[in-house]
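Please open the structure in your viewer and keep the sequence panel beside it.

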Amino acid sequence: MTPAVRCSGVRQVFGETVAVNGIDLEVVPGEVFGLLGPNGAGKTTTIRMITTLLPAPPGAIEVLGLDVATRRTAVRRMLGYVPQQLSADGTLTGRENVALFARLFDVPQKLRSAQVAAVLDVVDLADVADRSVKTYSGGMVRRLELAQALVSAPRVLILDEPTVGLDPVARDGVWDRIDEIRAATGMTVLVTTHAMQEADEHCDRVALMHRGRIEALGTPGELRSAIGPDATLDDVFRHHTGNTLTQEKGGMRDVRAARRTAGRLG
Amino acid sequence: MSVLPAAPPVASAEQEPGPIRLTRTALSRVATMCLVELQKLRHDRSELVTRAVQPALWLLVFGNVFTRLHAIPTGDVPYLDYLAPGILAQSALFIAIFYGIQIIWERDAGVLAKLLVTPTPRAALVAAKAFAAGIRAIAQAVVVLVLALLLGVSLSANPLHWLGVIVALMLGSAFFCCLSITIAGIVLSRDRLMGIGQAITMPLFFASNALYPVELMPGWLQVINHVNPLSYEVEALRGLMIGTPARLLLDFGVLLAAAAVMITVASALLPRLVRG
């Protein structure tokens with residue numbers, strides 16, 4: 001079976017910093033795959049290469065067998081992408097936000113309204129679809145972004161830290177929707193997170209990244225068992241990444257992004 | 001749960017677009033972004049009012065005072081009539097030149113990354129943003145024109161002339177919007193872009209024919225005026241709105257070429273914004 005995503009020896013260097021250092025992984029169609037790791041591990045850089053936002057050398061990354069270096073437009077048509085920040089447009093309504101992406105993905109006009117309404121219903125925003133997004137809570141904005149990503153019926157849904165900055169109820173709301181969508185459509189979901197409990201509960205397989213490399217790969221159960229009988233995924237995380245402040249690599253940009261997100265969530 | 005739409009088969013994934021498909025996609029994206037701009041304006045009209053203050057002051061204070069002074073020779077044309085198209089172009093320039101700040105905000109908010117992961121070629125996305133700036137400029141122009149009419153400016157009644165005004169404003173705004181995106185792609189920061197935007201806006205305005213005839217300018221300023229796209233925009237607007245002599249073919253040719261070049265340059269720099 002063609003992997004949903006295949007990375008072979010992927011490497012990305014910014015100046016003297018090696019952000020991604022030769023990672024190999026395959027995401028099986030239909031699974032929820034978690035890319036875990038501390039700030040600066042290379043998760044977002046990897047996602048940006050898969051989504052064509054950063055250049056990748058030919059043959060290094062394929063999405064459903066399509067080379068992201070040479071088939072960028074075709075790859076983008078297969079993807080739904082939710083970035084780390086809360087990125088819905090606050091000056092528009094929920095419906096207008098989703099309709100924008102339906103148009104950008106060339107959803108035929110005769111199907112557009114129905115498709116927009118269907119995805120808004122799936123994420124439980126049908127009742128507030130015509131309200132300004134300014135009035136939405138952080139969890140509602142996240143669910144709206146899911147709707148934006150789903151309106152084109154992507155084969156692979158890519159979520160970059162989808163629950164960062166959300167309260168526990170909103171986090172559950174986002175994950176419940178992701179689980180339902182995956183169960184209903186068999187869509188592949190690739191998600192980055194450093195919330196180990198969420199990864200343990202919702203991911204079929206995870207890869208733990210540290211300093212641009214994949215340190216461990218398997219089901220959450222396999223990774224826990226490899227550490228000890230009562231180990232949690234947090235223990236797996238500490239085991240592979242260490243847990244010292246000196247190893248934290250989140251730069252000013254990460255801090256600014258986190259503050260902006262916190263600010264937008266109120 | 002509603003039934004989600006079926007995913008497209010991988011076999012249907014298209015080849016990289018050729019020139020015809022690129023043009024079709026670009027037109028579709030331009031229409032989409034212009035629609036979004038109109039939706040935004042519908043939800044918040046306050047910007048139209050606040051942005052009208054400056055052109056209103058130019059027309060009311062500067063225009064009226066200089067009309068009485070007769071300090072700027074404009075032949076048979078009253079100075080206020082001569083000034084109105086220049087202020088219209090200035091108003092559009094001010095909107096477009098700070099569009100790069102919106103692009104940087106969109107980068108910081110993740111919007112730009114999301115747009116770049118749609119099946120939209122970079123040039124089509126930049127063209128769409130550029131003409132969306134034009135839509136905002138036209139909405140602003142309506143407010144300025146109402147002010148001009150209230151002040152007694154004699155405007156053309158020919159609908160074709162007004163179609164030309166719309167095209168000139170769209171092309172001029174597209175050029176300055178892309179100039180702003182280009183600067184954003186180079187400096188990558190909102191603060192720096194704000195500084196550069198403020199530094200170049202007034203020189204662009206004063207080194208054009210917006211306020212006074214070219215013949216009154218010193219030689220060196222005339223040279224700058226000839227390479228300043230704002231001058232061609234103002235000449236076209238003036239010719240169409242109040243019937244002064246204009247080289248419309250040259251004006252629209254320069255505006256079209258300048259917009260095309262700047263869309264190309266801004267498209268090349270757009271991915272740098274996401275990587276930066």
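The tour visits chain A and then chain B, and it begins with some notes on how to read the model.

This is a predicted model, in which local features need pLDDT of at least 70 and side-chain atom pairs count only at pLDDT 80 or more, while totals for chains, interfaces and linings use all residues. Residues are numbered from 1 along each chain as its sequence is written, chains are lettered from A and ligands numbered from 1 in the order in which they are written, and side-chain values use heavy atoms, with hydrogens and water left out.

**Chain A: a loop glutamate**

Select A:E31, which sits in the loop between β2 (17–27) and β3 (32–36) of chain A; helices (H or I, at least four residues) and strands (E, at least two) are DSSP runs, numbered from the N terminus. Is A:E31 buried or exposed? With 7% relative accessibility, A:E31 counts as buried, where buried means under 20% relative accessible area, exposed over 50%, and partly exposed in between (1.4 Å probe, protein chains only).

Move to A:L64, in the loop between β4 (61–63) and β5 (66–67) of chain A, which is buried with a relative accessible area of 14%. From its C-alpha atom to that of A:V27, 37 residues apart along the chain, the separation is 9.7 Å.

Next select A:D106, located in the loop between α3 and α4 of chain A and partly exposed at 35% relative accessibility. Most residues other than glycine have a negative phi.

**Chain B: a helix pair**

Turn to chain B and select helix α4 (residues 99–108) together with helix α7 (residues 159–187), whose axes come within 7 Å and cross at roughly 50°. The pair is therefore oblique; angles under 35 degrees count as roughly parallel, over 145 as roughly antiparallel, 65 to 115 as roughly perpendicular and the rest as oblique. Where do the two helices meet? On the α4(B) side the residues are B:Y99, B:G100, B:I101, B:I103 and B:I104, and on the α7(B) side they are B:C177, B:S180, B:I181 and B:A184.

Stay on helix α4 of chain B and pick out B:E106, which is buried with a relative accessible area of 4%. Residues up to four places away in sequence not being counted, B:E106 touches B:V111, B:L112, B:L115 and B:K129.

Finish at B:P245, in the loop between α10 (229–242) and α11 (248–275) of chain B, which counts as exposed at 78% relative accessibility. B:P245 and B:R42 are 203 residues apart in sequence, and their C-alpha atoms are 37 Å apart in space.

Definitions and conventions:
Axes fitted to C-alpha atoms, helices over the stretch in contact; angles between N-to-C directions. Contact = heavy atoms within 4.5 Å.
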